[in-house]
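Subject: Structure handover and findings

Dear colleague,

Here is the structure I promised to pass on to you, and below it I have set out what was found in it. Please read the notes with the coordinates open beside you.

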Amino acid sequence: MRAGFLSLCYRIARYTITYTVYFFQYLFARPKDLETAVACGEKALSSFRVFSPLFFDFNIPKEIETEVYEMKFPSPVIGASFKSELQILDIWFRMGLGGIILKTIMQEERDGNLRPRLQDAFFDGQKGLLNSMGLPGPGIDEFAIAIPKFSIWDYGRPLGISVGGDSREDYLDTVATLEQALCEKDSVYFYELNISCPNTKTGKSLSENLQDLELVLQEVRQLTSNPVSVKVSPDQKDGDLMRIGEILKSNHKIIINAGNTTYKKSIDVGIASSHFSSVGGGLSGPVLFSRTLDMVKLFSGFNIPIMATGGISTINHVAALQEAGATLFGMATALVFDPYCIPKINRNL
């Protein structure tokens, strides 16, 4: 009952904050920009941390603990890679996430694409988010100094470290740097290779260069014994995904993350070109669920743990994916729209 009531309050507050921000953007002749509204909402949410036992603290049922390669997730529901603000990640852990994958880190510091680069979107009658963030972040050198001190290690839950790159060497150098930074850290973590990231020098990703993917996996395994998740794209054809599955099944301690956002042009999801700096971006939200389910079914024959990511927001989604063969369930957009889905799903698992 508490989660349901707070969910309603959160959704009302989010709507109010978002459209208040939109009103002032319109008043001052600025482009509509959801990123500003999200930042304001997160600041407001963080201000309630003093009341965390009432607003954020929910018990995780003991019987839903899930183990993958000796990593124990108190809940199989985890945060997918898209956030790095520790206060927000802390709140989601309090609500009951079993683990979190940090936002993708790249070799060099990145400002990301020009704003506006995040907007509400509508496709096939369903609401989601369109983003063309461009992977903004501090770069590996600064990140490697900061990560051992992250407060969220104190929860003792597995953390995923998402790694992207402009080249094969970037992935390897980033993992090597992180291994050195965390060598004295007695905590549970795994790596996620974001191979469906388009930010490469050639305009291609490791998902399109399977020889490089195979080499990266072999070389990463020489650098670390920690589990490695490989994040694939829903935009790839089933035949290509099957070939990736064949490569992954021959590697040790591998998790398949199916999948990521799907590319859409802004005009196709109801966003005016003046309100989006790029031609298109990654669409997320409930519209992805059917493709996520298909991908889980496709990968279920490889006998590799599967993390399902894309369109998950309800217990029905989790149940369907679990039946199809998924072990972990990554959420992103649902946590923006209503993070109280976390305790509601945990309660019904």
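**The second largest pocket**

The residues that line the second largest pocket divide into 16 nonpolar, two polar and three charged, where Ala, Val, Leu, Ile, Met, Phe, Trp, Tyr, Cys and Pro count as nonpolar, Asp, Glu, Lys and Arg as charged, and the others, Gly among them, as polar. Please keep in mind that this is a predicted model, in which local features need pLDDT of at least 70 and side-chain atom pairs count only at pLDDT 80 or more, while totals for chains, interfaces and linings use all residues. Residues are numbered from 1 along each chain as its sequence is written, and side-chain values use heavy atoms, with hydrogens and water left out.

About 430 Å³ of space lies in this second largest pocket. Of the 21 residues in its lining, Tyr10, Ala13, Arg14, Gly41 and Leu45 are the closest to its centre. Two or more lining residues come from each of helix 1 (2-27), helix 2 (34-46), helix 4 (86-95) and helix 11 (333-337), and helix 1 gives the most, with seven residues. On a 1 Å grid over the protein atoms alone, a pocket is an open set of points with protein on both sides within 12 Å along at least five of seven lines, a cavity is a set of points where a 1.4 Å probe fits but cannot get out, and lining residues have an atom within 4 Å of a point. Grid points are joined across faces, edges and corners, and a volume is the space filled by probe spheres set on the points.

**The cavity**

The structure holds one cavity of 30 Å³ or more, and about 30 Å³ of space lies in the largest cavity. Its lining is made up of Leu217, Val220, Arg221, Val228, Asn251, His252 and Ile254, which divide into four nonpolar, two polar and one charged. Helix 7 (residues 210-223) supplies the largest share of this lining, three residues.

**The chain as a whole**

The protein chain has 12 helices and 14 strands, taken as DSSP runs numbered from the N terminus (helices H or I, at least four residues; strands E, at least two). Its radius of gyration is 19 Å, close to the 20 Å that the globule rule gives for 349 residues, so the chain is as compact as a globular protein of that length; the radius is taken over C-alpha atoms, and the rule is 2.2 Å times the number of residues to the power 0.38. Along its principal axes the C-alpha trace spans about 55 × 45 × 40 Å. Of the 349 residues, 53% count as buried (buried means under 20% relative accessible area, exposed over 50%, partly exposed in between, with a 1.4 Å probe and protein chains only).

**Helix 4 and Thr333**

Seven of the 10 residues of helix 4 are buried, so this helix is largely enclosed by the rest of the structure. The buried residues are Ile88, Leu89, Asp90, Ile91, Trp92, Phe93 and Met95, and their cover includes helix 2, helix 3 (52-55), strand 4 (100-105), strand 7 (159-163), helix 11 and helix 12 (341-348). Helix 4 is followed by Gly96, whose phi is positive, near 125°.

Thr333 is found in helix 11 and is buried, with a relative accessible area of 8%. Leaving aside neighbours within four places in sequence, Thr333 is in contact (heavy atoms within 4.5 Å) with Leu129, Ser284 and Gly285.

Arg168, in helix 6 (residues 168-181), is partly exposed at a relative accessible area of 23%. Beyond its neighbours within four places in sequence, Arg168 is in contact with Asp212, Leu215, Val216 and Glu219; Arg168 and Val216 are 48 residues apart in sequence and 6.4 Å apart in space, C-alpha to C-alpha.

The peptide bond from Arg115 to Pro116 is cis, with omega near 0°, and Pro116 lies in the loop between strand 4 and strand 5 (118-123). Leu135, in the loop between strand 6 (126-131) and helix 5 (140-146), has a positive phi near 55° although it is not a glycine, and is buried at 17% relative accessible area. Asn303 also has a positive phi, near 60°, in the loop between helix 9 (289-299) and strand 13 (306-309), but counts as exposed at 76% relative accessibility.

With best wishes
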